[in-house]
Amino acid sequence: MTEECHSPHPGTFSSPIDDRYFEDYLPGAVHRFGEMRVSEREIIEFARRYDPQDFHTDPAKAAGTMFGGLIASGWMTCGLMMRMYAEHYLSANASLSSPGLDELRWLVPVRPDDVLSTRVTVMEARRSASKPDRGIVRSKIEVLNQRGEVVLSMLAVNLVGCRTTPGA
(Lines give C-alpha, C1' and ligand atoms only; values in the text may rest on other atoms or scores of the structure.)
Protein backbone atom coordinates (compact mmCIF):
# COMPACT_ATOMS: atom_id res chain seq x y z
CA MET A 1 0.00 0.00 0.00
CA THR A 2 1.49 3.35 -1.10
CA GLU A 3 5.14 4.09 -1.56
CA GLU A 4 7.67 3.10 1.04
CA CYS A 5 7.51 5.12 4.23
CA HIS A 6 10.47 7.49 4.23
CA SER A 7 11.40 9.87 7.00
CA PRO A 8 12.75 13.20 5.77
CA HIS A 9 12.02 14.73 9.17
CA PRO A 10 14.73 14.02 11.73
CA GLY A 11 13.38 12.48 14.92
CA THR A 12 13.85 14.10 18.26
CA PHE A 13 14.29 10.88 20.25
CA SER A 14 17.69 10.53 21.90
CA SER A 15 17.58 6.75 21.41
CA PRO A 16 17.18 4.86 18.12
CA ILE A 17 13.91 3.00 17.71
CA ASP A 18 15.56 -0.38 18.44
CA ASP A 19 16.72 0.91 21.82
CA ARG A 20 13.67 2.97 22.76
CA TYR A 21 11.77 2.39 25.99
CA PHE A 22 9.17 4.15 28.13
CA GLU A 23 11.83 6.51 29.54
CA ASP A 24 12.45 7.92 26.05
CA TYR A 25 8.88 9.23 25.61
CA LEU A 26 9.13 12.66 27.22
CA PRO A 27 5.98 14.72 27.85
CA GLY A 28 5.88 17.76 25.58
CA ALA A 29 8.21 16.26 22.98
CA VAL A 30 7.04 16.59 19.37
CA HIS A 31 8.15 14.05 16.79
CA ARG A 32 7.67 14.43 13.03
CA PHE A 33 8.23 11.53 10.68
CA GLY A 34 7.22 9.57 7.63
CA GLU A 35 6.29 10.49 4.12
CA MET A 36 3.81 8.48 2.10
CA ARG A 37 2.31 9.40 -1.28
CA VAL A 38 -1.30 8.27 -1.76
CA SER A 39 -2.24 7.04 -5.23
CA GLU A 40 -5.65 7.02 -6.89
CA ARG A 41 -5.30 3.30 -7.55
CA GLU A 42 -4.69 2.56 -3.85
CA ILE A 43 -7.61 4.73 -2.76
CA ILE A 44 -9.96 2.85 -5.08
CA GLU A 45 -8.56 -0.61 -4.22
CA PHE A 46 -8.84 0.00 -0.48
CA ALA A 47 -12.36 1.42 -0.76
CA ARG A 48 -13.65 -1.35 -3.00
CA ARG A 49 -12.56 -3.83 -0.36
CA TYR A 50 -13.36 -1.98 2.87
CA ASP A 51 -15.38 1.22 2.34
CA PRO A 52 -17.36 0.98 -0.92
CA GLN A 53 -18.81 4.46 -1.22
CA ASP A 54 -18.83 6.28 -4.57
CA PHE A 55 -16.63 9.17 -3.42
CA HIS A 56 -13.92 6.57 -2.61
CA THR A 57 -14.41 4.17 -5.54
CA ASP A 58 -15.59 6.05 -8.62
CA PRO A 59 -13.78 9.21 -9.80
CA ALA A 60 -16.64 10.22 -12.13
CA LYS A 61 -19.35 9.89 -9.47
CA ALA A 62 -17.03 11.45 -6.86
CA ALA A 63 -16.77 14.58 -9.01
CA GLY A 64 -20.48 15.17 -8.45
CA THR A 65 -20.33 14.87 -4.66
CA MET A 66 -19.72 17.56 -2.06
CA PHE A 67 -16.02 16.59 -2.23
CA GLY A 68 -15.73 17.46 -5.92
CA GLY A 69 -13.54 14.45 -6.58
CA LEU A 70 -12.14 11.19 -5.29
CA ILE A 71 -11.09 11.06 -1.63
CA ALA A 72 -9.47 8.34 0.47
CA SER A 73 -11.45 6.51 3.10
CA GLY A 74 -10.68 7.79 6.58
CA TRP A 75 -9.95 4.18 7.51
CA MET A 76 -7.26 4.05 4.83
CA THR A 77 -5.77 7.22 6.31
CA CYS A 78 -5.75 5.49 9.72
CA GLY A 79 -3.89 2.56 8.19
CA LEU A 80 -1.29 4.84 6.61
CA MET A 81 -0.86 6.64 9.94
CA MET A 82 -0.37 3.32 11.71
CA ARG A 83 2.36 2.31 9.27
CA MET A 84 4.30 5.51 9.96
CA TYR A 85 3.58 5.32 13.71
CA ALA A 86 4.82 1.71 13.94
CA GLU A 87 7.94 2.34 11.84
CA HIS A 88 9.06 5.56 13.49
CA TYR A 89 7.45 6.00 16.91
CA LEU A 90 6.70 2.65 18.52
CA SER A 91 9.63 0.53 19.57
CA ALA A 92 9.34 -3.13 18.55
CA ASN A 93 11.26 -4.17 21.66
CA ALA A 94 9.15 -2.16 24.13
CA SER A 95 5.70 -1.60 22.61
CA LEU A 96 3.35 -3.86 24.54
CA SER A 97 -0.13 -2.96 23.29
CA SER A 98 -2.75 -0.25 23.18
CA PRO A 99 -5.98 -0.21 25.16
CA GLY A 100 -7.48 2.18 22.62
CA LEU A 101 -7.77 5.69 21.28
CA ASP A 102 -9.99 8.71 21.66
CA GLU A 103 -11.20 11.64 19.59
CA LEU A 104 -10.48 10.27 16.12
CA ARG A 105 -11.23 13.03 13.61
CA TRP A 106 -10.97 13.20 9.83
CA LEU A 107 -10.54 16.93 9.26
CA VAL A 108 -9.53 17.39 5.61
CA PRO A 109 -10.09 14.91 2.76
CA VAL A 110 -7.05 12.99 1.53
CA ARG A 111 -6.87 13.09 -2.25
CA PRO A 112 -4.85 11.25 -4.90
CA ASP A 113 -1.18 12.29 -4.91
CA ASP A 114 -1.31 13.81 -1.43
CA VAL A 115 1.89 13.21 0.52
CA LEU A 116 1.22 12.41 4.16
CA SER A 117 3.49 12.68 7.19
CA THR A 118 2.86 12.28 10.89
CA ARG A 119 3.39 14.55 13.89
CA VAL A 120 3.12 13.05 17.36
CA THR A 121 3.14 15.02 20.60
CA VAL A 122 3.73 13.14 23.84
CA MET A 123 0.94 14.43 26.07
CA GLU A 124 1.63 12.27 29.13
CA ALA A 125 4.01 9.50 30.14
CA ARG A 126 3.62 7.83 33.52
CA ARG A 127 4.84 4.59 34.96
CA SER A 128 2.12 2.08 35.78
CA ALA A 129 1.46 1.90 39.52
CA SER A 130 0.30 -1.72 39.34
CA LYS A 131 2.92 -2.98 36.85
CA PRO A 132 6.15 -0.96 37.29
CA ASP A 133 7.85 -2.73 34.37
CA ARG A 134 5.78 -0.62 31.97
CA GLY A 135 4.49 2.87 31.41
CA ILE A 136 1.45 4.49 29.87
CA VAL A 137 2.15 6.94 27.06
CA ARG A 138 -0.65 9.21 25.83
CA SER A 139 0.05 10.86 22.50
CA LYS A 140 -1.68 13.29 20.19
CA ILE A 141 -1.28 12.01 16.65
CA GLU A 142 -1.76 14.26 13.65
CA VAL A 143 -1.44 13.28 10.00
CA LEU A 144 -0.53 16.19 7.73
CA ASN A 145 -0.66 16.59 3.98
CA GLN A 146 2.01 18.27 1.86
CA ARG A 147 0.40 21.67 2.55
CA GLY A 148 0.75 21.21 6.31
CA GLU A 149 -3.00 20.73 6.79
CA VAL A 150 -4.00 18.29 9.52
CA VAL A 151 -6.07 15.63 7.77
CA LEU A 152 -6.48 13.30 10.75
CA SER A 153 -6.08 13.71 14.49
CA MET A 154 -6.51 11.35 17.41
CA LEU A 155 -5.39 10.68 20.95
CA ALA A 156 -3.65 7.34 21.45
CA VAL A 157 -2.71 5.36 24.53
CA ASN A 158 0.19 2.92 24.39
CA LEU A 159 1.66 0.59 26.99
CA VAL A 160 5.44 0.70 26.70
CA GLY A 161 8.02 -1.42 28.48
CA CYS A 162 10.49 0.31 30.81
CA ARG A 163 14.26 0.18 30.41
CA THR A 164 14.62 0.02 34.19
CA THR A 165 12.28 -1.18 36.92
CA PRO A 166 12.37 0.54 40.33
CA GLY A 167 13.85 -1.76 42.98
CA ALA A 168 15.31 -4.15 40.40
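In the predicted model, R119 and E142 form a salt bridge in which the closest N and O atoms are 2.8 Å apart; a salt bridge is taken as a side-chain nitrogen of Lys or Arg within 4 Å of a carboxyl oxygen of Asp or Glu. R119 lies in strand β3 and E142 in strand β4, so the pair ties together parts that are 23 residues apart in sequence. Helices (H or I, at least four residues) and strands (E, at least two) are DSSP runs, numbered from the N terminus. R119 is partly exposed at 25% relative accessibility, whereas E142, at 11%, is buried. The terms follow relative accessible area, with buried under 20%, exposed over 50% and partly exposed in between (1.4 Å probe, protein chains only). R119 and E142 also belong to a salt-bridge network that includes K140.

Residues are numbered from 1 along each chain as its sequence is written. Because the model is predicted, local features need pLDDT of at least 70 and side-chain atom pairs count only at pLDDT 80 or more, while totals for chains, interfaces and linings use all residues; side-chain values use heavy atoms, with hydrogens and water left out.

The structure holds 10 salt bridges. Side chains of opposite charge can pair when their charged atoms come close. A further pair between β3 and β4 consists of E124 and R138, with 2.9 Å between the closest N and O atoms. E124 is in strand β3 and R138 in strand β4, 14 residues apart. Both count as partly exposed, E124 at 28% relative accessibility and R138 at 30%. The side chains of E23 and R127 also meet in a salt bridge, at 3.4 Å from N to O. This pair links distant parts of the chain, E23 in the segment before β1 and R127 in strand β3, 104 residues apart. E23 has 24% relative accessibility and counts as partly exposed; R127 is likewise partly exposed, at 27%.

The strands that carry these residues belong to an open sheet of five strands, ordered β1-β3-β4-β5-β2 with antiparallel pairing. Two strands are paired if DSSP finds at least two bridges between them. The edge strands, each pairing on one side only, are β1 (30–37) and β2. From one strand to the next the twist averages 25°. Helix α4 (residues 74–88) packs on the sheet and touches β1, β2, β3, β4 and β5, its direction making about 125° with that of β1. Contact here means heavy atoms within 4.5 Å. Axes are lines fitted to C-alpha atoms, for helices over the stretch in contact, and angles run from 0 to 180 degrees between N-to-C directions.

Strands β3 and β4 run antiparallel and are joined by 10 bridges. R127 stands opposite G135 in β4. A hairpin through six residues joins β3 to β4. Strand β4 (residues 134–144) is in turn joined by 11 bridges to β5 (residues 150–161), again antiparallel. Across this second pairing, K140 stands opposite L155 in β5, and the bridge partner of E142 in β5 is S153. The β4 and β5 strands form a hairpin with five residues between them, and G148 in the turn has a positive phi of about 85°. Strand β4 is mostly covered, with eight of its 11 residues buried.

Positive phi also occurs at non-glycine positions, including E103 and D113. Most residues other than glycine have a negative phi, and most peptide bonds are trans. E103, in strand β2 (residues 95–106), has phi near 55°. D113 has phi of about 75° and is placed in the loop between β2 and β3 (115–127). At 49% relative accessibility, D113 counts as partly exposed.
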